[in-house]
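Subject: Structure handover

Hi,

Here is the structure I promised to pass on to you. Please have it open while you read, as my notes follow below.

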Amino acid sequence: MKNVHTRALSLLMVLAVFLSLFFTALPRADAAARGAWAANTAYAVNDTVTYSGSTYTCLQAHTSLAGWEPPNVPALWKSGGGTTPTPTPTTPPATSGATFYADINYGGKAVTLGVGNYVLSQLNAAGIPNDWMSSLKVPGGWTVEVYENDNFGGNKWNYTASSSWVGDSVNDKMSSVKIYTGSPPANVTKPSEVPSQIWTYVMNVDDKFGKGGDFALLLSAVIKKESSFGAGLPGSPSAGDGLMQVEPNTRNAYLSQFSAKFGRAYNHSSEQDQVALGGLILDEKISRFGNIYNGLLHYNGGDNWYPGATDSYGRPILADQYANAVYATYKGYGGKN
């Protein structure tokens, strides 16, 4: 009887191991059905969304932006439902962003953010709650501005190096943040050909984005190309908005972001708002596509532009010529990037 019991026990153990391996090999079924796709939303791998009557499955974890609709970004979404293989994790480069920590000495939960300006809702979407952060790591040559209040209000603390303890005055008080590479120049000079009222508009936008004047030079170069500082608008057949010539479809896609950033509804007739909206879009393109030149390419040619792209009439989209002209003007104004 002892041998019979031993054999039975051995068979049960083999069966248990087999079942364990079998169920481990089954694909995960924990994909979350997230409903209709929406901008400014954090999605995880295998989340499913609906868009224009179709279902899509998330391929890479990300926070969505306007223009990143599932059909437009096949690297992020695949058509249809079902889980996808979990990608092999990779270690991001040390300079991929500034990393914020819940606890001192770089402990607790950590969230890394790239170059950009983050209001509270954007921090929340990235996993950072209000009034948070006790230590941070800042890549060499980067600058982080931590704000006490949402929308870059209240006290501001600058970091150009990592800090294992931000101190009692800053601890758990971050509600918005700006991150940029380098230290923008404290002052810039108005280019002589830029009209005074245009310079006022671009400097107001530059200040809102915390660029230290360099963004004002870039916006001035764009306005020169788009509308000759407003002189080329009378009789223009374009349906774009004034000084920055933002097309209606693009304008409508960014209205909610405009309201969140500037705290007011967009005024189509306001030249200041025309520059502010164009600046918002251009800043997003620069952050998304990596540098000023690439940002200009896609500001003019659209998110899906590529060399040789044509419009619906088969005409070439000369975004490269546009970017060359604007970038040359910007550098001629003293642009630093």
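How many salt bridges does the count come to by the rule used here? The count comes to seven, a salt bridge being a side-chain nitrogen of Lys or Arg within 4 Å of a carboxyl oxygen of Asp or Glu.

Before the details, a word on the source. This is a predicted model, in which local features need pLDDT of at least 70 and side-chain atom pairs count only at pLDDT 80 or more, while totals for chains, interfaces and linings use all residues. Residues are numbered from 1 along each chain as its sequence is written, and side-chain values use heavy atoms, with hydrogens and water left out.

**Overall picture**

The protein has nine helices and 13 strands; these are DSSP runs (H or I of at least four residues for helices, E of at least two for strands), numbered from the N terminus. Of its 337 residues, 40% are buried. Here buried means under 20% relative accessible area, exposed means over 50%, and partly exposed lies in between, with a 1.4 Å probe and protein chains only. The accessible surface comes to about 17300 Å², and carbon and sulfur atoms hold 54% of that; the areas come from the Shrake-Rupley method with a 1.4 Å probe, and for residues only the protein chains shown count as cover. Looking at contacts (heavy atoms within 4.5 Å) between residues at least 6 apart in sequence, 57% join residues at least 24 apart.

**Salt bridges**

One of the salt bridges joins the side chains of Arg-34 and Asp-47, at 2.7 Å from N to O. This pair links distant parts of the chain, 13 residues apart: Arg-34 sits in strand E1 (residues 33–36), and Asp-47 in the loop between strand E2 (42–43) and strand E3 (48–51). Arg-34 is partly exposed at 34% relative accessible area, whereas Asp-47 is buried at 5%.

Another pair is Arg-288 and Asp-303, whose closest N and O atoms are 2.8 Å apart. Arg-288 counts as partly exposed at 22%, and Asp-303 as buried at 18%. Both belong to a network of salt bridges that also takes in Glu-284 and Lys-285.

Arg-315 and Asp-311 form a salt bridge too, with the closest N and O atoms 2.8 Å apart. Arg-315 is partly exposed at 48% relative accessibility, and Asp-311 is partly exposed at 25%.

**A buried arginine**

Arg-251 lies in helix H5 (residues 248–253). Its relative accessible area is 15%, so Arg-251 counts as buried. Setting aside neighbours within four places in sequence, Arg-251 is in contact with Asp-241, Val-246, Tyr-266, His-268 and Leu-277.

**An antiparallel sheet**

Four strands make an open sheet, ordered E9-E13-E11-E12, with antiparallel pairing; two strands pair if DSSP finds at least two bridges between them. Strand E9 (116–118) and strand E12 (153–159) are the edges, each pairing on one side only. On average, neighbouring strands of this sheet are turned by 15° against each other, direction ignored; the axes are lines fitted to C-alpha atoms, for helices over the stretch in contact, and angles run from 0 to 180 degrees between N-to-C directions. Strand E11 (residues 142–149) pairs with E12 over five bridges in the antiparallel sense, and Tyr-147 stands opposite Lys-156 in E12.
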